[in-house]
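Visitor: I would like to learn how to read helix packing and pockets. Please show me the structure first.

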Amino acid sequence: MSQTNKKNKKHKLFFKKKSKSTSSPESEVKSCGSSTEMQQPLNDEERMRESLKNVFEELDHDDDGYIDSTEIRKRLRDCGFIFTAEQCKAMVNLGDKSGDDKLTLVEFQSLFQDIDKISELTKQFGQMDIDKNGFITIEEFRQVLEGHYKTAVKPEKLAQLVSAKDKDGDNRVSYNEFLSACLHK
């Protein structure tokens, strides 16, 4: 056998598909070399989607194709992060387009498009929640406006601002209500 034939045979064996096939080694070499079947490198967005898919699968503890606030909270706790039940519900509610209190993979991936904004809003909420009870009251809102922004606001205007974000009518703004109002303007 000539040196060229040995070299070609070696390449054909190297590129041979592992699946059972009735096609000849020559056709297998062609199909492996075609540009349509070669894997293209992932771009940043594809890499991010793939990473989020892996995170989603890790969070989906019961493998039902959905993640809920309980699964998120448990996994975050396992990783050393402490989030309240309210914060985890808020995360789910932000991404939940169907209103079923759980996230699909697509909803989970789209949620992370706003992650920087959510982080900033969480920081702002923490600054306004002066007594750290998980709610912003009219009085806390007044203190922030007067103390930080040096702006005096009439009590009725403050009540209007709070009630615009207060969805359950308890005259205070929860973390969930705050995020929802700020992200869904």
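Guide: Start with a term: contact means heavy atoms within 4.5 Å. Keep in mind that this model is predicted.

Visitor: Which residues in α7 meet which residues in α10?

Guide: From α7, the residues are Lys117, Ile118, Leu121, Thr122, Gln124, Phe125 and Met128. They meet Tyr175, Phe178, Leu179, Cys182 and Leu183 of α10. Sorted by class, this contact has nine nonpolar residues, two polar and one charged.

Visitor: How is the arrangement of two helices described?

Guide: In general, a packed pair is described by the angle between the two axes and by the distance between them. Here, helix α7 covers residues 115-128 and helix α10 covers residues 175-183. Their axes come within 10 Å and cross at roughly 130°.

Visitor: What does that angle make of the pair?

Guide: Angles over 145 degrees count as roughly antiparallel, and 65 to 115 as roughly perpendicular. α7 and α10 are therefore oblique to each other. The crossing in which α7 passes α10 is right-handed.

Visitor: Which element gives the most to the lining of the largest pocket?

Guide: α3 does, with six residues. The elements that give two or more residues are α3 (44-59), α4 (69-78), α6 (105-111) and α7. By class, the lining divides into 17 nonpolar residues, three polar and two charged.

Methods. Residues are numbered from 1 along each chain as its sequence is written. This is a predicted model: local features need pLDDT of at least 70, side-chain atom pairs count only at pLDDT 80 or more; totals for chains, interfaces and linings use all residues. Side-chain values use heavy atoms; hydrogens and water are left out. Axes are lines fitted to C-alpha atoms, for helices over the stretch in contact, and angles run from 0 to 180 degrees between N-to-C directions. Helices (H or I, at least four residues) and strands (E, at least two) are DSSP runs, numbered from the N terminus. Angles under 35 degrees count as roughly parallel, over 145 as roughly antiparallel, 65 to 115 as roughly perpendicular and the rest as oblique. A crossing is left-handed if the near helix is turned anticlockwise from the far one by less than a right angle, and right-handed if clockwise. Ala, Val, Leu, Ile, Met, Phe, Trp, Tyr, Cys and Pro count as nonpolar, Asp, Glu, Lys and Arg as charged, and the others, Gly among them, as polar.
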